[in-house]
Amino acid sequence: MAILKKASISIVYRLKLETETVSFGEIATSIGQAGGDIVGIDIISTGKTSTIRDITVNVGDQADSELIAARLKKLDGVSIIHISDRTFLVHLGGKIEIQPKVPIKTRDDLSRVYTPGVAQVCTAIAEEPSKAYTLTIKRNTVAVVSDGTAVLGLGDIGPSAAMPVMEGKAMLFKQMAGVDAFPICLDTKDPDEIVRIVKAMAPAFGGINLEDISSPRCFEIEERLKQELDIPVFHDDQHGTAVVMLAGLFNSLRLTGKKLEDIKIIVNGIGAAGIACTKILLAAGARNVVGVDRAGAIHRGENYDNPQWTRYAEFTNPDNLSGPLSEVIAGADVFIGVSAPGILKVDDVRRMAADPIVFAMANPVPEIDPDLAAPHVRVIATGRSDHPNQINNVLCFPGIFRGALDCRAKEVNEAMKLAAARAIASVVTDDELSETYIIPSVFNQNVVRKVRDAVIQAAIETGVARKDPGEIKAEV
Ligand SMILES: NC(=O)C1=CN([C@@H]2O[C@H](COP(=O)(O)OP(=O)(O)OC[C@H]3O[C@@H](n4cnc5c(N)ncnc54)[C@H](O)[C@@H]3O)[C@@H](O)[C@H]2O)C=CC1
Ligand SMILES: CC(=O)C(=O)O
Ligand SMILES: [Mg+2]
């Protein structure tokens, strides 16, 4: 796919240059001819006969980077000291740390934050457990829990390899919504064990964000934890994705003038995200949703190994369509992809109804290259940040947990999710709305505030809020 060749890797070449032998112009030409785009030049040190420089270059992929290195090595007077990928550099030593809120400078400080003073606080919590919310990190802290089995679209890469994603989620929680989040990657795939561990660690947390746990195990794990814990448990890949997708669809339909209840929607990839997207679409009023997976359209009368699919067929696909994506997509108004790279073809898009809406949300590579789809659709959205219309659950989870924590919600229910979707959609005003702006930017400051407020309101209305946020502010 062309998308894989776009400049998405940023490489720093540290070079020693013999100034009598080679000019910077020769180096720049060499890099440019190999497909690199120089975006920064830093002088590290200079001597009488040589200089050391860091040249930052954007390249399409690893092969381009290697080609540039090979060309530089051939130039007289150039030696490569080292090559670093800026994405790797930003991960060195991990991306987050814990900071104390008060300094410990004297024995007096020590005796208050630690023993003996801390004992009084422990006793107060032992006598009144709800004080954990006011006297510990619980009220502002979320566990981001994964077992590394469905990491982005990379699949079962294990708990250690999942950590960078979970650290990234923790950064986003903090930066977007002030929520302290811990990445916790478990070295087990056993649902019983995951449930037991998460329950056992729950006292420290005000909420649990499950992440990148493969289906169908994710459904059982989330359901059991919701039943057994009194703090919100939210599987981001299901509900965060569904909320943001619905927000994007609400706004796309504002453009096309079509109504949710009248349109045909294909959801491709009936896993964690696909099932949740379907459920929220139906809850919002859609009537004709057809799920498609590797086995084609999920329909009644088929004996699926995956029990989720048998259940799914009962409440979707009103015309009981069967067959591959390329057939059932005919006449569809909307394609929601939460499956795998490159499986939607331009010919498939051509078979859709007028003004097609395509959300190709598989990460990191979408179901169709947005540049290929663009001439044939009214709206194209992906999960990526390097294209317009980024439909990514980062627009949801910070605000939804900010709201849930602030009102000490017992759970995140359907009303709260629908309220969050409407809130995200509402950030885009009528004047701003266009084919390339159906969803607010991740950096739009209004998103978290609007989602938080809407979630609190819905939590209060549905009786799951344990606190008025005003009272929480008064306690600070
Ligand atoms: N943009 C966003 O915010 C989000 C995007 N995603 C992306 O959606 C995709 C799925 O994520 P999950 O639902 O968590 O994974 P999952 O593993 O629970 O589900 C994936 C489903 O896609 C199906 N699938 C795989 N290849 C297929 C093919 N060639 N044709 C039809 N179906 C196929 C699988 O059989 C499975 O049912 C991933 O690429 C993930 O990165 C997931 C969550 C959020
Ligand atoms: C965005 C996200 O959570 C995913 O692709 O899994
Ligand atoms: Mg995820």
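1. Start at ligand 1. The side chain of Ser 215 places an N or O atom 2.9 Å from an oxygen atom of this ligand. That is a polar contact, defined as a pair of N or O atoms within 3.5 Å; within protein, one must be able to donate a hydrogen and the other to accept it, and residues adjacent in sequence count only if both atoms are side-chain atoms. The model is predicted: local features need pLDDT of at least 70 and side-chain atom pairs pLDDT 80 or more, while totals for chains, interfaces and linings use all residues. Residues are numbered from 1 along each chain as its sequence is written, chains are lettered from A and ligands numbered from 1 in written order, and side-chain values use heavy atoms, without hydrogens or water.

2. Ligand 1 has 24 residues around it (a heavy atom within 4 Å). The closest are Ser 215, Thr 241, Ala 272, Ala 273 and Asp 293. Arg 294 has a polar side-chain atom 3.3 Å from a ligand 1 oxygen atom.

3. Asn 363 deserves a look at both ligands. A backbone N or O atom of Asn 363 lies 3.2 Å from an oxygen atom of ligand 1. A polar side-chain atom of Asn 363 lies 2.9 Å from an oxygen atom of ligand 2.

4. Check the backbone here. Most residues other than glycine have a negative phi, and most peptide bonds are trans. Leu 152 has a positive phi, near 45 degrees; Leu 152 sits in the loop between β5 (141–146) and α7 (159–177). Ser 215 and Pro 216 are joined by a cis peptide bond, omega about 0 degrees. Pro 216 is in the loop between β7 (207–210) and α9 (217–228). Helices (H or I, at least four residues) and strands (E, at least two) are DSSP runs, numbered from the N terminus.

5. A cis bond also runs from Thr 115 to Pro 116, with omega near 10 degrees. Pro 116 lies in the loop between α4 (107–113) and α5 (117–127).

6. Last, a helix pair. In α10 (residues 236–256) and α17 (residues 414–426), the axes come within 8 Å and cross at roughly 45 degrees. Axes are lines fitted to C-alpha atoms, for helices over the stretch in contact, with angles from 0 to 180 degrees between N-to-C directions.
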